[in-house]
Amino acid sequence: MAALILNFWAHRMISFRNALRALLGPLVVVGALSSAHAGPYDDALIKLTTDNYADTDAGVAALVESGNPRAEAIIEALRAGTLLYGDGKLAIRGPAGVAVDATTATPLVASDAGSLKPVRVNNRVRRAVEAALGSMTLLSPDQRRRLDAAAAVLRSRDAAALPSLDKALAQEKVERVKIAMLEARAAIILNQPDSSPGDRLAAVATLGNLGNQNALALLANLPAGASPELTAAARQASETIAANLALWNAAQNVWYGISLGSVLLLAAIGLAITFGTMGVINMAHGEMVMIGAYTTFMVQEVIRNHAPGLFGASLFIALPLAFLIAGAIGIAIERLVIRFLYGRPLETLLATWGLSLILQQGVRTMFGPSNREVGTPEWMSGALQLGGLSLTYNRIAIVIFAFAVFATLLLVLRYTSLGLYMRAVTQNRRMAGSVGIRTSRIDALAFGLGSGVAGIAGVALSQIDNVSPNLGQSYIIDSFMVVVFGGVGNLWGTLVGAMTLGVANKLLEPFAGAVLGKILLLVAIILFIQRRPRGLFALKGRAAEA
Amino acid sequence: MSIANWTKKSTRILAATLAVSASLVGAAQAQETIKVGVLHSLSGTMAISETTLKDAMLMLIEEQNKKGGVLGKKLEAVVVDPASNWPLFAEKARELISKDKVVAVFGCWTSVSRKSVLPVFKELNSVLFYPVQYEGEESERNVFYTGAAPNQQAIPAVEYLAKEEKVERWVLAGTDYVYPRTTNKILEAFLKSKGVKSEDIMISYTPFGHSDWQTIVADIKKFGSAGKKTAVVSTINGDANVPFYKELANQGIKATDIPVVAFSVGEEELAGIDTKPLVGHLAAWNYFESIDTPDNKAFIQKWKAFTKNDKRVTNDPMEAHVIGFNMWVKAVEKAGSTDPDKVIDAIVGVQVPNLTGGISEMLPNHHITKPVLIGEIKDNGQFDVVWKTEGLVPGEAWSKQLEGSKDLVADWKTLKCGNYNTVTKKCGA
């Protein structure tokens, strides 16, 4: 066994050395940590080199306590994973692959750099690092760093951070950061057994004014031995907050509904054209969405390899491409298969279902069965806090995008000649043909338009769902549901249908759970279709007969 | 060239081809092979996970043949595609055993597919090696479970969180089917036995392929901000994981606040996500690709060479197939025959090295001994092992936490029974 371990260790060393050499090129290190000039700072550093989480944790705390000016840089490196150790040495790997001595910050050309390995961290160490950096970076010029720092202090509730917190509060100008700091301060004071009753009451009042979920949690967990006065004040504050939060919650659920609705709208809007206005039951619609998502993947792959700077714009580059590719495939499907099947819905259904399987398996063969990674551009990550609402940027982008696509499509149908011809063919194919419209060409173009729109929906959906060959399948049922519910042949119906289903789903979910909520919704739709077989916005008059 | 001419020529080519292939078949029959069935979905929803296992099996068989095969004969893989369709699993299993005459089958992923093929294996008396972690509560004579039982994955993971992360409040989130439901039932009973109150456990189920996680993640966030350390134990299956993790990242839930420990998320699943926001979230398995042993290094190298793809990752069920396959080979050699009855008798007690540096053994309950590892997600999509069990943990077919199964034991060596009741002293519960 011992031999095995040794062997495995040697192996690890060698491979690691090679990897490091390849990665870093010239590497620079560090003076050895010896106990020659031992002090609390050096002891702390030695603790970081033992490859033991508990020691690393203690080392971080000791570093903070030492008050050494290099402490922040070292802890920051630990957070970023650039702190290396080996043979009792510590080094920090710089951005250019050049490591500097962690203790003196002077670059050193190292011959034995190969034996250095990153100091490993787990969640426990990560928390310690966050708490340590929290109290150190409260005065950082970067607003985001200050916000993170306040959040870290709130979590650690470390009384030692109080002086720097007060100092930071005095000069803080950004409202959001100030609120976070006030919250952190109140949390510390409430938690401190030796803070005065007056201070504590003030803290409760501050939390009551903040009125968010964190405040509620803090008030609910008063430390033991709180005075009756304090308990009463806390209870009152919690009640106000709870009532307030309930309102925000309802608003939040409506937002979730709108955002789910916009996803449904995106998925269904292409189908509203192919199924809604042309009457083609296109089971391969979901695969057009999938092709759009894979286009995004390919665009990002090219950008990653050739022009990493353009990554933020990758989705905008993917949009027209996805439209063209999915549209072209749509036109090909219409020309090669569907045009022979007009007026035979059952055959169309079977043929397009077969096509959807072929497309899925085709993509599976080309790209492999596993998920493909589609990255989220920086501007789409994170969340916007709006009062008690938390709106994630990617969802906001998708809602805006869905409405933009909807409006564009509406304008195309209303004001372009293609739109005019399409409406004419939908309303009365024979008469449209009689006045000189090439109906078969319009059919192909309309199908291409519907497929192209599905393709750009795929670009958006790649941001929230798996990019795998099965992507389309999960949307096809929902898409048909939206179109049928909204009323076949009417874009407005699709919009209202998607939003109604989205909001209803999200309002049901908190009470009924995700599974039951979906079942209830399906039952409701079945009942609705029984009453109104033509959906919400039924076409009237002669168009309805066609 | 006239049409008639062309037809004649193509007929001749066809005839020649047929003759050649016929002689090839003849040659193959002359040199007899041992046929092994591979029953994994290559299309449909489960293809994402199962295709890899098919490739792994082909690699193992090829490798064994290079070593000279088994009992002096070459192995031949018979691959079928049950297309993620559960009844089709049973049909294809029957085809493999009766028509293709395979002597053992390696396959299935979901529990429902395993349940679907069980009667076929019993009726036709063949052997199935099942490589995926599952909910337990089963031990069949014809099945060998090389994935983790709940006591080899779920329970140690929860114990780790309670001890190392000081978790007091639990969200059990899963996809709505048999594996998460049973696992969560076991975990709930286990947590309650450790003194966790009902109000500190939140259970949430979602449909297959759930993609809109906004409400549930917000609920988790709310549940987690009650002042007690909270963790999510996720039995969310396959495709639903990517949107789940994306939503966690978007709503800013970090592993240091609310860690998520997953039982169905491995290297393969992470390949589709940007893992930077997920650093620190956990997974419990019996194998990670990042395990630093010479055996594992060699295995990864072989895998990359076999698939001719430097980016292919390895995962836990693949290791289970490695162990299962090697155990089968050893048992066949020990028994001197591929006859299922002889193999079933010979395989209990067989020991083979696993890829994490230990020696796994086939137990009388047809489960195996495995180490339990907890890994934290790193920013490169791999796992950093932060904890592992001292030795190997023997798999338990019947959970000690559940009322209905705590008195049951499985022993196919002495008792010859998969569900022997130790209280009533009867086989068959």
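**Entry 1: terms.** A helix here is a DSSP run of H or I with at least four residues, and a strand is a run of E with at least two, both numbered from the N terminus. I am working on a predicted model. With that settled, I looked at the end of helix 5 of chain B: just after this helix, B:K166 has a positive phi of about 55°.

**Entry 2: helix 5.** I stayed with helix 5 of chain B, residues 154-164, and listed its buried residues: B:A154, B:I155, B:P156, B:A157, B:V158, B:Y160 and B:L161.

**Entry 3: strand 8.** Next I took up strand 8 of chain B. Six of its six residues are buried, so the rest of the structure largely encloses this strand. B:T230, B:V232 and B:S234 point one way, while B:A231, B:V233 and B:T235 point the other way.

I then checked the partners of strand 8. Strand 6 of chain B (residues 169-175) runs parallel to strand 8 and is joined to it by six bridges, with B:V171 opposite B:V232. Strand 9 of chain B also pairs with strand 8 in the parallel sense, over three bridges, and B:A262 is the bridge partner of B:S234.

**Entry 4: the cores.** Which residues does B:V233 touch, leaving aside those up to four places away in sequence? My list reads B:V158, B:W170, B:V171, B:L172, B:L187 and B:V261. B:V233, B:V158 and B:V261 come up again among the residues with the most contacts inside the largest nonpolar core, which has 123 residues; B:A93, B:V105, B:A284 and B:W328 are listed with them. Helix 11 of chain B (residues 316-335) gives this core its largest share, ten residues. I also noted a second, separate core of 78 residues, which includes A:L271, A:M288, A:A293 and A:V496.

**Entry 5: a five-stranded sheet.** I traced an open sheet in chain B with the strand order 2-1-3-4-5 and parallel pairing. Strand 2 (74-80) and strand 5 (143-145) are at the edges with a single partner strand each, so each has one side without a neighbour in the sheet. On average, neighbouring strands are turned by 25° against each other, direction ignored. Strand 4 (residues 128-130) runs parallel to strand 5 and is joined to it by three bridges, and B:L128 has B:V143 as its bridge partner. Helix 2 of chain B lies across strand 1 (33-39), strand 2 and strand 3 (104-107), at about 165° to strand 2.

**Entry 6: chain B as a whole.** I counted twelve helices and 19 strands in chain B. Its radius of gyration is 23 Å, close to the 22 Å of the globule rule for 429 residues, so chain B is as compact as a globular protein of that length. Of those 429 residues, 53% count as buried.

**Entry 7: the contact with chain A.** How many residues of chain B are in contact with chain A? I get 48, and they meet 49 residues of chain A. Helix 2 (47-66) and strand 15 (383-388) of chain B are among the elements that each supply at least two residues, and helix 7 of chain B gives the most, with five. By class, this side of chain B has 15 nonpolar, 20 polar and 13 charged residues.

How values were computed: Residues are numbered from 1 along each chain as its sequence is written. Chains are lettered from A and ligands numbered from 1 in the order in which they are written. This is a predicted model: local features need pLDDT of at least 70, side-chain atom pairs count only at pLDDT 80 or more; totals for chains, interfaces and linings use all residues. Two residues are in contact if their C-beta atoms, placed from the backbone, lie within 7 Å. Ala, Val, Leu, Ile, Met, Phe, Trp, Tyr, Cys and Pro count as nonpolar, Asp, Glu, Lys and Arg as charged, and the others, Gly among them, as polar. The radius of gyration is taken over C-alpha atoms; the globule rule is 2.2 Å times the number of residues to the power 0.38. A residue is buried if 20 or more other C-beta atoms lie within 10 Å of its own, exposed if 12 or fewer, and partly exposed in between; C-beta atoms are placed from the backbone. A nonpolar core is a set of buried Ala, Val, Leu, Ile, Met, Phe, Trp, Tyr and Cys residues joined through C-beta atoms within 7 Å. Two strands pair if DSSP finds at least two bridges between them. Axes are lines fitted to C-alpha atoms, for helices over the stretch in contact, and angles run from 0 to 180 degrees between N-to-C directions.
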